[in-house]
Amino acid sequence: MEFNKIIESINTDFKEGLLPIGEEAPTDHIQVSPEDWGELAGFLRENDSLKFDSLMCLTGIDEGTEEENLGVIYSLHSMIHRHKLEVRITVPKSRPVVPSVEQIWRIADWFEREIYDMFGITFEGHRDLRRILLPEDWEGYPLRKDYIFPESWHGIEVPKMKEGWE
Amino acid sequence: MVDFFLEKFSQISWLTGLPDGILFVLAVILIAIPIFLFLAVNALVVVYAERKISAFMQDRLGPMGQGAGLHAGKWGLLQTVADTVKLISKEDIIPAAVDKKLFISAPFIFFIGSFITFVALPFNQTIVAANFNIGIFYIVAVSSVGVIGIILAGYGSNNKWSLYGAMRSAAQIISYEIPVALSLLTVVMLVGSLQMQEIIKAQDGVIWGFLPHWFVFKNPFTFIAFFILFISGVAEVNRTPFDIPEAESELVAGFHTEYSGLRWAFFFLAEYANVFIVAGVASVVFLGGWQSPIPGFLEGSGWGLVWFLGKAIFLIFTMIWFRWTFPRLRTDQLMVMCWKYFIPIAFINIMGVGLWDLFVS
Amino acid sequence: MRYFSNIWQAITTLLIGMRVTIVHFFKARKGIVTLQYPVERWPRPERNIGFSFDSYNVIRSRLHVDMDDCIGCLKCVRACPVDCIRIETFKVEKGVDIPEANHIGVTSQGTQKRLLVTRFDIDMTECCYCNLCTYPCPEECIYMVGGPNSSKHEIDYEFSEYDRNNIIYRFAKVPPEEVARRKAEKEMEKTAL
Amino acid sequence: MGVEHDHELGVIHAEEMVLNVGPQHPSTHGVLRLKVQTDGEIITKIDPYIGYLHRCFEKHCENVTYEQCIPYIDRCDYIASMNNDFGYAVTVEQLMGIEIPEKVEYIRVIVAELNRIASHLLAIGTIGLDVGAFTPFLYCFRDRERILDLFEMLCGARLLYNYIWVGGVSHDFPVGWVEKTYEFIDYFEPKIHEYNELLTYNKIFIERTADVGILPVDVAISYGVTGPNLRGSGLRWDLRRDDLYSIYDQFEFDIPVGTGAMGSVGDCWDRYYVRVREMEESAKIVRQALDQMPREGDVHATIPRKIRPPKGQIYKRTESPRGDLGFYIISDGSPIPFRIKLRSPAFTAVSCINEIARGWMLSDVMVILGSLDIVLGEIDR
């Protein structure tokens, strides 16, 4: 299905006027608010004409220190209809909470844990949200742009310089 | 053999004064030392053979020594010697959390289990430590003493992998005792004796004009019985495809995960002794032991030793060949194979041998 | 029925497998691929594996710098993804030899040097052998030894050492007292300003 | 392990045992740790712990230029570096809108398919090792070695190539390389028969893998499992055909899927056998590509001096030997990427292990893990 048709379908079948249509609207992705996302995800997964049954990728981004915004990008794909959709959600750094889609796409379980690990975005409703790549007691969220690398961890100094090398 | 030594002792004048008990112990020690040496040499040779054979089967060279310095000698001949030196000189580690008594005694129990089995194994017409009248029965009974060692090792190591290995091993060895005993029974039925030498002597002569009158060729049922015995024997000594107690890709090293150095060497030694026992028993019972493959040709006690060792070595080669060809079975499949396939077939075999003996021959 | 087909399948497939290994066993002379490393080195044309040495295009081995050709342009430093190259330079008169600093003014390609390279260190412990530094070099003075560069420097891929610091290669040929003198001069200039 | 006897009810309450498989274990294919809850030998729950090999790949990439990312990407899936580089290069090229010379496309396809063969050889060898067959593993390595020799001849490196660059490849193939590759393909195709004889149709191997660890298609899709694992579950889904990139439309090749020949669709044997079949298909592609490849032509022509993609973002996925290898690249117009996210196929594959290994025995976990063909470098990044 074409991107326009997907938008249309969401607007008509899910919620009237959820997504802007027109010149200024983005042509490759849809931007939704965290409040809508929980329901929309289920709709995208279940609706027969959309049927986004596979979550290809879940990317977290930190939009830089000035904007103070964190984002989550869902790359969806339908194995049946062979169309894709990119969904973006932006949340402020002060309250980074996004509804979890872990029970809709099972892979989101680990993808969300990874983003929680790296960006500190909390996924509401995730049944097992803990760090995945980093140790459980790691402080900070490394992929945020304002992350400062720790000098030491559990008393292990990070060697800055080596002998004979300034 | 004990009688033989006692008789010799009685001819030596200064020994006759000693009490009988001491003479008996002396005789036993004189028998035990060669067996022990044989076990050590056997392990050295079989380990080297295993390395080389596996290497050639896998397009490798195996241990080799070339160039400057003392590597492993020509063709890696010193590899196992070097191994031995390494094992002996290794630090003796007893992990803090193990059950010390069990941990220390386990390798020796395992070793004793295989060591005492050699007592009844005839190497040729005369060399047999004790020519029991219940030889086969003794071997079947004693060869499962080793499992106690394995269980103690697994239990005493205080390691989950070891425990898994021990439990698997116990189940496996106890199960495979049955097809082994049942297939030995077919021969016992034919011979009417449990004595090893009697069984070998019964395999004298020619069958169908050209084949040696070994029990493996005697009739179709004994032919199957031989394979059941051999494969169950392989299973009993925990070798691939039945090596689940030490399955290195699953249980790290199974029951001897925590062992190293000399203690581990005892497991190793006993394992290869067991390999020889399986090959030896199979060749005695089904392949005519010291009987020449061409009846009437190259007989005598010297050649008898050669024929026996030759047959045993061939079977050991086959076991090595198995090991480097097959994947490993799972525990439940191992049990299925034993209880659903080997044991029923072994029972049918016994019946078949009896009927064949009654009606055909 | 399945019972018997299982037995039959097991026997046949296992025997086929055993045939494969025994064929390898008896053909062992022909098919062995082992290389007995310290004695035999890699290019061994008589084995059916591996290729002859001449046909090599590139080789990833130790980095080497021909200091006489280095103009200190820092292109390799910028290309390195792991920051394992360190260069320090001093401005000198263009194209003039400085014998006390072992400095040759003109490179083999005829470029006149503007800079005296007092430090050119490569930490091979950090090097990831990506070869990215060799491409941008305008004078082709940093390269991986061996392969097409074997005429410039023979192959050296076994440069193991007991001390990590020995794998930091220092290519600059300027004597340390000369470096110290120039540093002091620079300091003087700075303070004079 | 405390066993507690409840005499009143006449039942025995047995506690479950927690077993740590890994991080150091012979068959976790790296430093994966599985916290396994077992009831005897039966698995009741598996909780994978990853991250022991975390190397901050994504953070690194935010600090180096697009060219310098490639050595890091090599090290993600270190078994199939060429495919990783290929995916990255294709993604950045699409972001920049670069056209690639035909010869470069052919070289890329050839090396990527050769690397796919090498990766699958490792996969089928290690599954053999996991079930206890040592010899097939060494046969596979013997043949993989020849592919690595080809790569060494091509670019000097044996494992981490940095050969495929954005806009081209680092340099042309050397004299004699094409002939050597032909020679290898001629040598390799009959060898597959040998693996089949020794391992694939071995009864014990079939017993160990068939009907074990069944991954149904819907579960596979929901878990994002892709590549040979998904095809093993019976879905004909291959990005080389279904989401075309590069020049894969010019070759004739089959996409093997699991059929449940030895057990049920989606079992370990199917996943294994799909890989064996895929090696044949890759060999076919390499042969066709070698036949069609223009011998003359420059491979440097389109490499821009400085890779500086326009502001924007892209998600592109390519078929690596393990499945969909996706790159999400956000560019802010500078030569340093704003964000690179690598969507790793092995990451999704290992996430579903609890689903498919539950209820099987301890020995089966290793087989299932082997049949999923994971590379920890890619999972932990």
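Helices (H or I, at least four residues) and strands (E, at least two) are taken as DSSP runs, numbered from the N terminus. On this basis, chain A of the predicted model contains three helices and eight strands. Read from the N terminus, the elements of chain A follow the order α-β-α-β-β-β-β-α-β-β-β. Of the 166 residues in chain A, 35% are buried. Among the contacts in chain A with a separation of 6 or more, 52% join residues 24 or more positions apart.

For the complex, the predictor reports an ipTM of 0.84 together with a pTM of 0.87. The average pLDDT of chain D is 84, and 95% of the residues in this chain score at least 70. Within chain D, strand β1 (residues 3–6) has the lowest confidence, with a mean of 48, whereas the highest value, 89, belongs to helix α11 (residues 268–292).

Chain D also carries an open sheet of three strands, arranged in the order β3-β4-β5 with antiparallel pairing. Strands β3 and β5 (42–49) of chain D form the edges, each pairing on one side only. From one strand to the next, the twist averages 25°. Strands of a sheet pair through backbone hydrogen bonds, in either a parallel or an antiparallel sense. In chain D, β4 (residues 33–39) and β5 are joined in the antiparallel sense over seven bridges. Lys35(D) has Asp47(D), in β5(D), as its bridge partner.

The contacts of Val365(D) were examined with neighbours within four places in sequence left aside; the partners of Val365(D) are then Val21(D), Leu34(D), Val36(D), Ile43(D), Ile46(D), Ala357(D) and Trp360(D). Val365(D) is also one of the residues with the most contacts inside the largest nonpolar core, which has 288 residues.

Between chains D and B, 26 residues of chain D are in contact with 22 residues of chain B. On the chain D side, the elements that give two or more residues are β3 (17–21), α4 (102–130), α5 (135–155), α7 (203–209) and α14 (362–372). The residues of this side comprise 13 nonpolar, seven polar and six charged.

Methods
Residues numbered from 1 in each chain as written. Chains lettered and ligands numbered in written order. Predicted model: local features only at pLDDT ≥ 70, side-chain atom pairs only at ≥ 80, totals over all residues. Contact = placed C-beta atoms within 7 Å. Nonpolar A, V, L, I, M, F, W, Y, C, P; charged D, E, K, R; others polar. Pairing = 2+ DSSP bridges. Axes fitted to C-alpha atoms, helices over the stretch in contact; angles between N-to-C directions. Core = buried A, V, L, I, M, F, W, Y, C linked by C-beta atoms within 7 Å. Buried ≥ 20, exposed ≤ 12 C-beta atoms within 10 Å, placed from the backbone. pLDDT = per-residue confidence, 0-100.
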